[in-house]
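User: I would like to go through the labels used for this model and see what each one rests on. Please set the values against the cut-offs as we go.

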Amino acid sequence: MVDLTKWATTREIQAQPQIWANWGQELAASLSELSEWVANSGATEVWFCGAGTSAYIGDLLCRALDATSVLPMRSVPSTDLVSAPHAFKRNGVIPLVVSFGRSGNSTESIGTLDLLDAIFPEAPRLNITCNKDSALATRQPASKASQRVIVLPDECHDSGFAMTSSFTTMILTAMAVFGQETPEEFTANMNEISHAAEIVLAQADQLADKLTIPQRAVFVGSGPLAFVARESALKVMELAAGKIPSIWDSSLGFRHGPKSFVDAQTKVFVFLSNSLHSRRYDEDLADEVRAQFGEHTVIAIGNSAKADVHIPCKLEDGWMSVLHVLIAQWLGVAWSDQLGFNVDNPFEGQGTLTRVVSGVKLYALEEA
C-alpha cells in the first residue's frame, strides 16, 4: 500500500472531519447575529460569487437552499461578473454579494470588489475566505456598504494546488448562514458529517487500492449533487494534470449526449441522492450504464443498499455533498501519485496553471 501522507494535499483531505467538528462549534456562536444581519441587509437577492471551484459552491448552494430561502438566490461566477458586469445590473435589484475565495486575493475576487464599489455601491457584502490577510478579509467597501467577513480556520487555507478543505468548509459555512437550521442543529449536522467522513475516507482509500487508473472519468448526480459532481470531475482532472479527462452532468442530463464519452475503460461515479425521488433516477442511470458497458464501469456512492461506497449519513443533499466529494479528492491524489506527478503541484515545471490563478488583466469599465 502506497503512503500518500507525504503529500500536503493528502493531509489536508484527512483533516476535514476534525476541521468540520471544530468549526461547527465555533461558527454556531455567531450564527444568530449573521442570520439577523442577512435578514436586515435590505437585499432583494443573494448572489454567490467565486471563480472556478469557488463558483461551483454557488451552483450547489442554489440547488440546496433556494426552495426554502426568503430571498431568491443566484450563482454569479466572479469570472462572469468581472467580464460582463452590466449583464447583471437590473433596476430595483439590490444583491447581497457573497464572495468565496480560498486565497481571497485572486484577480477576479479583487475585480468583484472593484465592480461592487463602481456599479453596486449599495450592495451588502459577505466575504467568506480562508486567508485572514487577504483582500476579501481586510478590504472595506468604498461606499461604506454593510459588510461581514467570515475567516475560516487556518487549516482550510490549503497549501496544495487543489482546493479540498477550503471547498467543503466554505460550503458548510454558507449552508449554516443561509439554511434554516438553528445553531444547535447546525452543530449536530457538523458532528454527524464529521463522523461519516472518517468512514468515507477509509472506504476511499480501499477503493483507490482496488481501482486501476481509468482512461476517462465521469461524475453524475441530481440536485446539489450534480454540482459536487462538477467539482469532483475537476478535482480528478486537475490533480492528474489533464491525463484523466473527466466530465460531469446531472443523472438525467447525462443521457442527452454526454454519455457518448463512456467506453469500457471509463469509470462512471454515480452520486446517489438522499431524496428518494431523485435517487430513483440516479439508480436507474447506474443500472443502465452497467448493462451497456459492464458492471466494472459504474461505482455508485451514497446512503443506499445499492451503493458500492456507502455513506452513513441521512442529511439532505446539500450537507451530503461534502461527503461525496471526498471520494474524488482521495482518488485524485492516488491517481496523481501513480502517474508520477507532484500531487501538491501537478503542473510543476509547466507554468500553465498555478495555485492562485495569475495572468488575468483587469480592465476599467470606461476602457470597455
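User: Leaving aside neighbours within four places in sequence, which residues is Ser165 in contact with?

Analyst: This is a predicted model. Ser165 is in contact with Glu12, Gln16, Ile19, Glu155, Cys156 and Asp158, once neighbours within four places in sequence are set aside. Ser165 belongs to helix α8, residues 165-178.

User: Why is Ser165 called buried?

Analyst: The label buried applies under 20% relative accessible area. Ser165 has 0% relative accessibility, so it counts as buried. A polar atom of the Ser165 side chain lies 3.5 Å from the backbone oxygen of Glu155.

User: What makes α8 largely enclosed by the rest of the structure?

Analyst: The count of buried residues does: 14 of the 14 residues of α8 are buried, so the helix is largely enclosed.

User: How do you know that the span of α8 agrees with what its residues should give?

Analyst: At 1.5 Å a residue, the 14 residues of α8 should span 20 Å, and the end C-alpha atoms are 20 Å apart, so the two values agree. For helix α6 (residues 107-119), the 13 residues should span 18 Å, and the end C-alpha atoms are 18 Å apart, which agrees.

User: Is Val82 buried, partly exposed or exposed, and what does it touch?

Analyst: Val82 sits in helix α5, residues 78-83. Val82 has 24% relative accessibility, so it counts as partly exposed. Not counting residues up to four places away in sequence, Val82 touches Glu108, Gly111, Thr112, Leu115 and Leu362. The C-alpha atoms of Val82 and Tyr363 are separated by 8.9 Å, although these residues are 281 apart along the chain.

User: Why are β2 and β5 called edge strands?

Analyst: The open sheet has five strands in the order β2-β1-β3-β4-β5, with parallel pairing. β2 (73-75) and β5 each have a single partner strand, so one side of each is left without a neighbour in the sheet. The twist from one strand to the next averages 15°.

User: What makes β1 and β2 a pair, and which helix packs on the sheet there?

Analyst: A pair needs at least two bridges, and three bridges join β1 (residues 45-49) to β2, with the strands running parallel. Phe48 stands opposite Ser75 in β2. Helix α4 (residues 53-65) packs on the sheet and touches β1, β2 and β3, with its direction at about 150° to that of β2. Helix α3 (residues 31-39) lies across β3 (95-101), β4 (125-129) and β5, at about 145° to β5.

User: How do you know that β9 is mostly covered, and which way do its residues point?

Analyst: Five of the five residues of β9 (298-302) are buried. Val298, Ala300 and Gly302 point one way, Ile299 and Ile301 the other.

User: Which strands does β9 pair with?

Analyst: β8 (residues 266-271) pairs with β9 in the parallel sense over four bridges, and Phe271 has Ile301 as its bridge partner. β9 also pairs with β10 (residues 309-310), again in the parallel sense, over two bridges; the partner of Gly302 there is His310. Together with helix α11 (residues 276-293), β8 and β9 make a right-handed β-α-β unit.

Methods. Residues are numbered from 1 along each chain as its sequence is written. This is a predicted model: local features need pLDDT of at least 70, side-chain atom pairs count only at pLDDT 80 or more; totals for chains, interfaces and linings use all residues. Side-chain values use heavy atoms; hydrogens and water are left out. Buried means under 20% relative accessible area, exposed over 50%, partly exposed in between (1.4 Å probe, protein chains only). A crossover is right-handed if, with the strands pointing away from the viewer, the path from the first strand over the helix to the second runs clockwise. Axes are lines fitted to C-alpha atoms, for helices over the stretch in contact, and angles run from 0 to 180 degrees between N-to-C directions. Contact means heavy atoms within 4.5 Å. A polar contact is a pair of N or O atoms within 3.5 Å; within protein, one must be able to donate a hydrogen and the other to accept it, and residues adjacent in sequence count only if both atoms are side-chain atoms. The expected span of a helix is 1.5 Å times one less than its number of residues.
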